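Hi,

Here is the structure you asked about. Have a look at it before you read my notes below.

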Amino acid sequence: MPAIVLVGAQWGDEGKGKATDLLGSSVDYVVKFNGGNNAGHTVVIEKDGKREKYALHLLPSGILSPNCVPVIGNGVVIDLSVLFEELDGLDGRGVDTSKLLVSANAHVIPSYNRTIDKVTERFLGKRRIGTTGRGIGPTYADKMNRIGIRIQDLYDEKILRQKVEAALEVKNQVLAKIYNTRAAAVDEVVTELLSYAARLAPMVADTSLVLSQALDRGDTVLFEAGQATLLDVDHGTYPYVTSSNAVAAGACTGSGVPPTRIDSVIAILKAYTTRVGEGPFPTELHDDNGEFLRKTGAEYGTTTGRPRRCGWMDTVVGRYATRINGVTDFVITKLDVLTGLPKVPICVAYDVDGVRHDEMPVNQTDFHHATPVYEELDGWWEDITHCRSFDELPANAQAYVMRVEELIGARVSAIGVGPGRDEIIERFPLKPAVAS
């Protein structure tokens, strides 16, 4: 009955697909439980002797595994046009998408929320959050304000129209009178949403029940977070965060599976640190090292194409992720990107106005002013992309991994050494043993 939660340990883009690939055929269901198409991940697959790259934004990575059932849980907000665009793209490349299940309780991103998201960011100017402008935040706000539209509403036109009318009573005033933008027409919104209903219908399910029954059968269910720990709306670097719970606990509320059924939590930690958008970033590099990491690691947003901000490994962040998520196993990705550096710094603590912080500062202002305290380890020059066991890694690369493991307080069970699905070292099994 393994139920495994997979989360990002930094600010996203850590390479969560690497762990999903490693679990491979042992996973029966992969569940996306939060977020929307405001983040993406890239999966590289060997096919007919060639490497094929898939950029996923809304769909869980399990969509690429033929024996796996991909699930979009109730905690996700869904742009239906993006959903079908992604499905059509995969269908065109020969990927079977027919098993996809979508929660009837998931919320829909209406067109007016995309508009509000974009104009609000422009209005904020220098105080902007750095959102993707895809309507995620306004849709979660509607959910909390109880004026949201759910997947199940598409199958009752009367209710759908009532909800759209209620939402637009206020939103059109904001669009027209504050942002000087054209008001949204109720008929246009309803017509657009209803246009997706027929095609979507075979996918809609009580996914909480489906997952409960799967766990009862002894199937393995992987809960895959969008974004990452430091983008969590409660536990991240607020207000520069996403609008949902991206930590392990979010898997329960976002899927309808209780916490007593979770067996392990796998966190993904990039061998260095990246961030997209605004907000504090203590180890950020503005020099040639930062550009080296960006170019060597191809650090450009899967969804936005924006260059990612790059910095050294931050184990203060790693320890925080361990504590907040209850991490049982870490996967370090992109270790190969550090190859060729004579020295590899690791942030072990922060200095804030002369005071050392070994843990994340509670005060937002302190975190903004945190200066990293570094340890420097010797680098390595050897090509590690062909290593498939820990012992095959150069001694300095091994030392780097073990020092990070010591500092973050949980074992490093796997290490990514290249972009391919098979370019990974498994030190310890990620899948928990099932009691007989």
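How many helices and strands does the protein have? It has 13 helices and 20 strands. Helices (H or I, at least four residues) and strands (E, at least two) are DSSP runs, numbered from the N terminus.

Please note that this is a predicted model: local features need pLDDT of at least 70, side-chain atom pairs count only at pLDDT 80 or more, and totals for chains, interfaces and linings use all residues. Residues are numbered from 1 along each chain as its sequence is written, and side-chain values use heavy atoms, with hydrogens and water left out.

**Overall shape**

Buried residues make up 57% of the 436. Buried means under 20% relative accessible area, exposed over 50%, and partly exposed in between (1.4 Å probe, protein chains only). Take contacts (heavy atoms within 4.5 Å) between residues at least 6 apart in sequence: 75% of them join residues at least 24 apart.

**The cores**

A nonpolar core is a set of buried Ala, Val, Leu, Ile, Met, Phe, Trp, Tyr and Cys residues joined through side-chain atoms within 4.5 Å. The largest one here has 60 residues. Among those with the most contacts inside it are Phe223, Phe330 and Tyr400. Helix H13 (residues 395–408) gives this core its largest share, six residues. A second, separate core has 37 residues, including Ile63 and Val190.

Now look at Phe330. Beyond its neighbours within four places in sequence, Phe330 is in contact with residues including Ala9, Leu269, Thr322 and Ile408.

**Helix H11**

Is helix H11 (residues 315–325) largely enclosed or open? Nine of its 11 residues are buried, so H11 is largely enclosed by the rest of the structure. Tyr320 and Asn325 are among the buried ones. Their cover includes strand E1, strand E15 (329–333) and H13.

**Gly12**

Gly12 sits in the loop between strand E1 (3–8) and helix H1 (17–23). At 4% relative accessibility, Gly12 counts as buried. Leaving aside neighbours within four places in sequence, Gly12 is in contact with Gln227, Ala228 and Thr274.

Best wishes
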